Amino acid sequence: MTHQVSRSPFLKPFYTRTPVGGVIPRTQRRHTLPASEFRNLTPQDAISVFEIEREAFVSVSGECPLTLDEVLNFLSQCPELSLGWFEEGQLVAFIIGSGWGKERLEQYMFFTLIIPETSAVHIHVLSVHRHARQQGKGSILLWRYLQYLRCVPGLRRALLACEEFLVPFYQKAGFKEKGPSAITVPNLTFQEMEYHIGGAAYARRNSGC
């Protein structure tokens, strides 16, 4: 996809730390990184993405959902369907998606096929750095991503495949189960989930997560 996203409130720097007194000295503004920001990922972020993904998944399943080459492929061809959360310039969580043109996800070319100008996005992976887990960052990032997708012209659905224990997490974000997924990985089974994108993006997040 090559859509140009404009006027999205979800990719502007999101500051979370303010010095005592609420005043930021001018001499510090030029050289400090935002305490927290969300932005689309680029190929330059690929190694950081892969390192977080590898640590998160290899210990559980023995393999990564995406290889480094596949990460580079997605971030080169459809960076607008990715979102990274950075704290003081360091990547702490990310989502990678790509265009998908069919009603259900399929095994064939599952991780390499990129379909431009489509109404659906396939979410390949959501991962959080080990030092940032158990802080609600996964649900916050997913919420921001789904709201951001409302600003991408033409998108109507988001699809993903997840293990059964993750179904409640995605249901809380608004996804609905579509049944067992056609995607197969040795010793693992998946449920397919769908989120309907519609309406205008919300100005703020009404959630306690």
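The following exercises with worked solutions concern the architecture of one protein chain.

The structure is a predicted model, in which local features need pLDDT of at least 70, side-chain atom pairs count only at pLDDT 80 or more, and totals for chains, interfaces and linings use all residues. Residues are numbered from 1 along each chain as its sequence is written, and side-chain values use heavy atoms, with hydrogens and water left out.

**Exercise 1.** Determine how many helices and strands the chain has, and state the run of its elements.

*Solution.* Step one is to apply the criterion: helices (H or I, at least four residues) and strands (E, at least two) are DSSP runs, numbered from the N terminus. Step two is the count, which gives five helices and seven strands.

**Exercise 2.** Describe the order of the strands in the open sheet and identify its edge strands.

*Solution.* Begin with pairing: two strands pair if DSSP finds at least two bridges between them. The seven strands of the open sheet then have the order E1-E2-E3-E4-E5-E7-E6, with mixed pairing. Next, find the strands that pair on one side only: these edge strands are E1 (37-39) and E6 (176-180).

**Exercise 3.** State which strands helix H4 lies across, and give its angle to E2.

*Solution.* First, note that axes are lines fitted to C-alpha atoms, for helices over the stretch in contact (heavy atoms within 4.5 Å). Angles run from 0 to 180 degrees between N-to-C directions. Helix H4 lies across E1, E2, E3, E4, E5 (157-162) and E7 (191-196), and runs at about 135° to E2.

**Exercise 4.** Characterise the largest nonpolar core and the surroundings of Ile96.

*Solution.* Start from the definition: a nonpolar core is a set of buried (under 20% relative accessible area, 1.4 Å probe, protein chains only) Ala, Val, Leu, Ile, Met, Phe, Trp, Tyr and Cys residues joined through side-chain atoms within 4.5 Å. The largest such core has 44 residues, and those with the most contacts inside it are Ile96, Tyr145, Leu149, Ala158 and Phe175. Helix H4 (residues 137-149) gives the most to this core, with seven residues. A second, separate core of five residues includes Trp100, Leu159, Ile183 and Phe190. Lastly, leaving aside neighbours within four places in sequence, the contacts of Ile96 include Leu41, Val49, Phe74 and His122. In soluble globular proteins, nonpolar side chains tend to be buried together.

Notes
Buried means under 20% relative accessible area, exposed over 50%, partly exposed in between (1.4 Å probe, protein chains only).
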